[in-house]
Amino acid sequence: MPDNPYAIEATDLTVAYQEKPVLWDVDLRVPPATLMAIVGPNGAGKTTLIKAILGLIRPAAGQVLIYNKPYAEQRRLVGYVPQRGSVDWDFPTNVLDVVMMGRYRSLGWLRRPGSRERALALEALEKVGMAPFADRQISQLSGGQQQRVFLARALVQDAQIYFMDEPFQGVDATTERAIVALLHALRQAGKTVVVVHHDLQTVPEYFDWVTLLNVRRIASGPVAEVFTEQNLRLAYGGRIAFLSRSPHADAEEPPTPDLPMPSPTRREEPYGYPESAA
Amino acid sequence: MSPAQVEIQLIAAITAAACALPGVFLILRRMAMMSDAISHTVLLGIVVGFFITKDLTSPYLVLGAALTGVLTVSLVELVHRTRLVREDAAVGLVFPALFSIAVLLISRYAGDVHLDTDAVLLGELAFAPFNRFAPFGSDIGPIALYLMGGILLINLFFISLFYKELKLATFDAGLAASLGFAPWLIHYGLMALVSITAVGAFDTVGSVLVVALMVAPPMSAYLLTDRLSRMIALSVAIGVVNAILGYWLAHLLDASIAGSMASMAGITFGVIYLLAPERGLVALARRRARQRWEFAMTMLAIHLFNHEGLPEASQENREEHLSQEVRWAPDFAARVVSRTVEQGWVQRQEGSLNLTELGRQRAKQAIAG
């Protein structure tokens with residue numbers, strides 16, 4: 001569509017709980033085949049933004065276009081990977097069954113999953129390295145394995161745009177690598193992926209676009225342009241203990257000496273900055 | 001067995017099966033106590049329905065009950081959503097409110113009708129065969145049998161038709177919503193099923209004990225299986241067995257049938273809670289004990305491995321040393337050593353302990369993680 005080249009276009013998105021605004025007038029434009037991170041401090045409204053775009057929360061104002069049409073018409077193009085902790089992992093079901101749930105939309109009401117759905121689910125499990133666990137009860141999975149099951153479930157949706165809520169949260173290194181590989185494969189296939197992300201240091205490495213959020217949108221665009229120290233300061237306020245020394249940030253703005261730089265050994269820390277309680 | 005006895009058992013079994021079906025989803029949605037609330041508040045629907053139709057056997061009573069069930073759940077959610085009241089407290093506020101309105105209405109306007117509070121709370125299965133269903137002048141069985149049978153069929157129909165949707169909305173409501181499956185519709189549909197089931201069970205087991213039939217068999221089944229479909233089938237089977245055993249317990253004790261059925265449901269759950277093969281308390285305790293031994297044996301192997309071949313080995317790798325240095329009680333140390341010897345991890349040689357090749361491998365594996 002020449003007049004609107006964006007995969008996702010949200011305008012004036014505002015969400016409030018009671019009278020407290022959680023998202024203030026957020027505009028977002030994401031081109032196709034982009035890996036975009038949403039970063040921001042706790043309570044910045046990252047999850048809320050995703051949920052508002054997906055219509056899981058009713059926004060007080062604003063609209064969302066997916067490939068130039070209202071979200072409601074384009075629902076089938078969108079896949080969602082909720083936070084791992086949002087479901088009960090003691091639910092009596094197995095891995096293959098959970099992955100097949102990703103096919104339920106194309107099945108519609110009443111129709112049951114069959115051999116085709118099984119085959120697609122197994123294929124997706126193969127892609128995330130979880131095929132040997134197909135018959136495993138979900139309560140027996142580790143956190144990283146749970147996350148990969150969720151990703152496989154998103155893959156079988158065969159969506160054009162994916163929203164993932166903290167897929168890297170508390171996963172092991174193997175899973176982190178598997179997720180990154182998967183993200184790149186998705187981009188290769190022309191898909192757009194929006195990821196709520198916590199680790200600032202890996203943003204330039206994993207993503208090509210980034211949105212900095214703190215109730216309002218601080219900045220959104222290519223990592224090289226907007227992932228700057230100044231923007232990070234705006235988003236995180238005075239709460240940054242140390243910042244990623246990314247080549248992009250350096251190119252934009254030389255690091256100020258009074259900010260302690262991360263040592264490479266801190267990489268295994270889940271977060272790039274100390275979190276205050278949400 | 002007399003025909004009445006057979007009929008009573010049939011009604012009891014069908015009631016138990018009908019309750020177990022929606023009960024499975026209540027358990028999985030962590031809404032077990034909502035069944036208690038609904039089973040009481042449906043009384044309001046029955047009373048209002050009765051005032052409108054003037055007929056206690058009218059099918060509109062069931063409709064009224066289903067609506068009150070849905071109303072109960074919506075009110076609870078409404079009160080909870082203000083964030084001033086927690087969900088459990090919201091249940092505790094809404095359910096007595098609706099129930100008390102029903103009790104007031106009955107005591108004020110319907111004192112002379114069969115709607116008395118004892119029958120509501122406890123039901124009386126023993127009298128069920130006296131109310132006959134005779135549509136064309138020919139007696140074809142007790143009304144309760146047809147009423148509960150109908151409700152069982154409705155539950156079976158909806159749960160098998162919307163099995164996939166119920167599973168999805170119960171496991172991951174967020175995904176269900178994003179896939180366009182209207183989880184709220186499924187939610188209220190399920191609550192409507194719970195409500196009509198509670199109404200049907202009123203006559204037979206009463207509004208208190210119906211909770212036992214909705215919660216205990218599904219909870220027992222939950223401890224026995226990892227598959228939702230099997231959990232449903234097992235819940236129904238356990239419910240039916242409880243009902244029939246309960247009947248005979250009541251016969252033996254000359255006591256309330258509903259009370260005996262609920263007791264059997266409780267006893268069955270207790271037994272399964274203790275003895276379930278994987279998740280029962282006994283299995284858990286056994287597993288923990290085994291892990292404790294395995295841990296101790298591995299610890300011993302690592303200890304021996306670390307000192308192996310070093311000058312102090314003759315000092316360190318002795319059984320007496322374990323109780324002094326590793327701080328194991330002497331008899332525990334002795335048992336750990338003899339277990340590792342039995343397993344072929346360790347050999348005793350003149351009081352000192354030496355790792356075998358197998359034991360060395362175990363130690364290395366454990367260290368490597």
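Two strands pair if DSSP finds at least two bridges between them. Helices (H or I, at least four residues) and strands (E, at least two) are themselves DSSP runs, numbered from the N terminus. With that in hand, select strand β6 (residues 78–81) of chain A together with strand β7 (residues 161–165) of chain A: four bridges join β6(A) to β7(A), and the two run parallel. Within this pair, Y80(A) stands opposite F163(A) of β7(A).

Before going on, note that this is a predicted model, in which local features need pLDDT of at least 70 and side-chain atom pairs count only at pLDDT 80 or more, while totals for chains, interfaces and linings use all residues. Residues are numbered from 1 along each chain as its sequence is written, chains are lettered from A and ligands numbered from 1 in the order in which they are written, and side-chain values use heavy atoms, with hydrogens and water left out.

**Chain A**

Stay on β6(A) and show its side chains. V78(A) and Y80(A) lie on one side and G79(A) and V81(A) on the other, and all are buried, so that both faces of the strand are covered (buried means under 20% relative accessible area, exposed over 50%, partly exposed in between, with a 1.4 Å probe and protein chains only).

Next, select the open sheet of four strands, whose order is β2-β1-β4-β5 (chain A) with antiparallel pairing. Its edge strands are β2 (20–30) and β5 (69–70) of chain A, each of which pairs on one side only. Seven bridges link strand β1 (residues 8–17) of chain A to β2(A). Look there for Y17(A), whose bridge partner in β2(A) is K20(A).

Now show the whole of chain A, which has eleven helices and ten strands. Of its 278 residues, 55% count as buried. Take contacts (heavy atoms within 4.5 Å) between residues at least 6 apart in sequence: 69% of those in chain A join residues at least 24 apart.

Colour chain A by pLDDT, the predictor's confidence in each residue, from 0 to 100. The chain's mean is 79, and 84% of its residues reach 70 or more. Confidence is highest in helix α3 (residues 95–100) of chain A, at 92, and lowest in helix α11 (residues 247–252) of chain A, at a mean of 42. Over residues 244–278 of chain A the pLDDT is below 50, and this stretch has 61 contacts in the model beyond near neighbours in sequence.

**Chain B**

Chain B has a mean pLDDT of 86, with 96% of its residues at 70 or more. Start at S2(B), in the segment before α1 (3–28) of chain B. S2(B) is partly exposed, with a relative accessible area of 31%.

Then select helix α2 (residues 32–53) of chain B and helix α4 (residues 87–109) of chain B. Their axes (lines fitted to C-alpha atoms, for helices over the stretch in contact, with angles from 0 to 180 degrees between N-to-C directions) come within 9 Å and cross at roughly 30°. α2(B) and α4(B) are therefore roughly parallel to each other (angles under 35 degrees count as roughly parallel, over 145 as roughly antiparallel, 65 to 115 as roughly perpendicular and the rest as oblique). Residues making the contact include L44(B) and F51(B) of α2(B) and F95(B) and Y109(B) of α4(B).

Finish with helix α11 (residues 257–275) of chain B and helix α12 (residues 281–307) of chain B, whose axes come within 3 Å and cross at roughly 10°. Here Y273(B), L274(B) and L275(B) in α11(B) meet L281(B), V282(B) and A283(B) in α12(B).
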